[in-house]
Amino acid sequence: MNLVLFNDFRPGVLHDGKVFDITSLIAGIDLSRPRDTVRQLIAQYGDLTGKIAAELKGGKGVPLASVRLRQPSPDPVQLLCAAKNYKDGHEAPKPDFFLKPYGTIIGPDDTVDLPPVEARVFHAEPELAVIIKKRAVNVKAADAMDYVFGYTCFLDVSARGVSPTFYIHKSYATFGPIGPGIVTADEISDPHNLQIKLWVGDDLRQDFSTGEMANRIDKLIEVASSVCPLEPGDVLATGTHHIGLGPVQDGETITIDIEKVGRMSVKVSDPRKRTWEKPVPLKR
Ligand code: MN
């Protein structure tokens with residue numbers, strides 16, 4: 001199932017190019033609280049699958065192009081990002097993380113605003129993100145995949161050179177695009193065998209497999225949940241392969257595609273209209 005939030009954060013299912021509204025299927029839903037919408041959807045999901053299947057058969061979906069998709073987990077308790085988690089030159093990194101505030105989160109087709117700070121360059125790292133299913137405290141790696149509700153695409157935007165540590169350069173508003181939907185875990189037989197691609201405009205910049213992760217998702221959950229509880233709807237981004245990472249700048253469109261998970265584009269706006277030399281793309 002590909003679960004989305006759309007328009008005013010209504011819950012829906014993306015199926016066959018159409019979005020099916022499932023608001024009426026969720027008990028006790030209050031659309032004024034998007035965080036609760038996601039949590040209710042996750043908590044009730046086991047009971048909802050039959051009802052959703054009936055809804056899909058009913059054929060009341062609207063074309064995807066007629067709705068605005070929103071970030072599928074709009075205000076997680078934690079947006080936790082793995083640091084240096086690929087076998088791309090760093091020496092066997094141990095799991096480590098940084099947090100992004102939820103004010104960074106935007107959704108599909110939204111705009112990343114580059115702040116007027118003295119950055120060396122701005123980057124957008126394509127990453128597979130895990131959506132947490134249930135409260136995770138001191139979970140062992142062997143049990144960790146039971147805590148995965150689904151997967152989505154994530155862009156970890158940063159303003160390089162602004163701060164020596166993670167917080168400031170990773171945490172400007174709009175620096176955490178998430179979407180387009182949450183593909184439930186049952187749809188992804190092996191999350192460590194997915195191809196991630198990133199385009200800037202028409203240029204393919206990155207193309208790597210999640211199989212190159214240094215610390216796999218179960219290990220990331222084990223370590224993260226040993227530090228602080230993970231809650232339903234939390235977003236755990238699994239890091240990027242840094243090869244091919246290059247500048248993003250005003251007027252560009254960034255597109256992330258993860259096999260079986262989805263594709264999301266965001267725009268870039270920079271009031272200062274700064275430019276950087278573009279890297280040679282992998283492919284045009
Ligand atoms: Mn990252």
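About 30 Å³ of space lies in the second largest cavity of this predicted model. A cavity here is a set of points on a 1 Å grid over the protein atoms alone where a 1.4 Å probe fits but cannot get out. Lining residues have an atom within 4 Å of a point. Grid points are joined across faces, edges and corners, and a volume is the space filled by probe spheres set on the points. Residues are numbered from 1 along each chain as its sequence is written, and side-chain values use heavy atoms, without hydrogens and water. Because the model is predicted, local features need pLDDT of at least 70 and side-chain atom pairs count only at pLDDT 80 or more, while totals for chains, interfaces and linings use all residues.

**Second largest cavity**
- Leu3, Val4, Leu5, Val38, Leu41, Pro72 and Ile182 line the second largest cavity.
- Strand S1 (2-6) and helix H1 (34-58) are the elements that give two or more residues to this lining.
- Helices (H or I, at least four residues) and strands (E, at least two) are DSSP runs, numbered from the N terminus.
- S1 gives the most to the lining of the second largest cavity, with 3 residues.
- The lining of the second largest cavity holds 7 nonpolar residues, no polar and no charged.
- Ala, Val, Leu, Ile, Met, Phe, Trp, Tyr, Cys and Pro count as nonpolar, Asp, Glu, Lys and Arg as charged, and the others, Gly among them, as polar.

**Largest cavity**
- The count comes to 2 cavities of 30 Å³ or more.
- The largest cavity has a volume of about 50 Å³.
- Its lining consists of Pro34, Arg35, Val38, Arg39, Ser73, Pro74, Asp75, Pro76, Pro232, Gly233 and Asp234.
- This lining of the largest cavity divides into 5 nonpolar, 2 polar and 4 charged residues.
- Domain 1 (2-69) and domain 2 (79-269) each give at least three residues to the lining of the largest cavity.

**Domains**
- The chain is assigned domain 1 (2-69) and domain 2 (79-269), with bounds from an automatic or database domain assignment.
- The C-alpha centres of domain 1 and domain 2 lie 24 Å apart.
- Their contact takes 10 residues from domain 1 and 15 residues from domain 2, where contact means heavy atoms within 4.5 Å.

**His192**
- His192 sits in the loop between strand S12 (176-184) and strand S13 (195-200).
- His192 counts as buried because its relative accessibility is 10%.
- Buried means under 20% relative accessible area, exposed over 50%, and partly exposed in between (1.4 Å probe, protein chains only).
- A polar atom of the His192 side chain lies 3.1 Å from the backbone nitrogen of Ile217.
- Beyond its neighbours within four places in sequence, His192 is in contact with Ser209, Thr210, Gly211, Met213, Arg216 and Ile217.

**Backbone geometry**
- Most residues other than glycine have a negative phi, and most peptide bonds are trans.
- The peptide bond from Gly179 to Pro180 is cis, with omega near 5°.
- Pro180 lies in strand S12.
- Asn138 is not a glycine, yet its phi is positive, near 50°.
- Asn138 belongs to the loop between strand S10 (121-132) and helix H2 (141-144).
- Lys260, also not a glycine, has a positive phi of about 70°.
- Lys260 is in the loop between strand S16 (253-258) and strand S17 (262-269).
- Lys260 counts as exposed because its relative accessibility is 52%.

Key:
1 Å grid on protein atoms, 1.4 Å probe; cavity = no way out; pocket = protein on both sides within 12 Å on 5 of 7 lines; lining within 4 Å. Polar contact = N/O pair within 3.5 Å; in protein donor to acceptor, adjacent residues only side chain to side chain.
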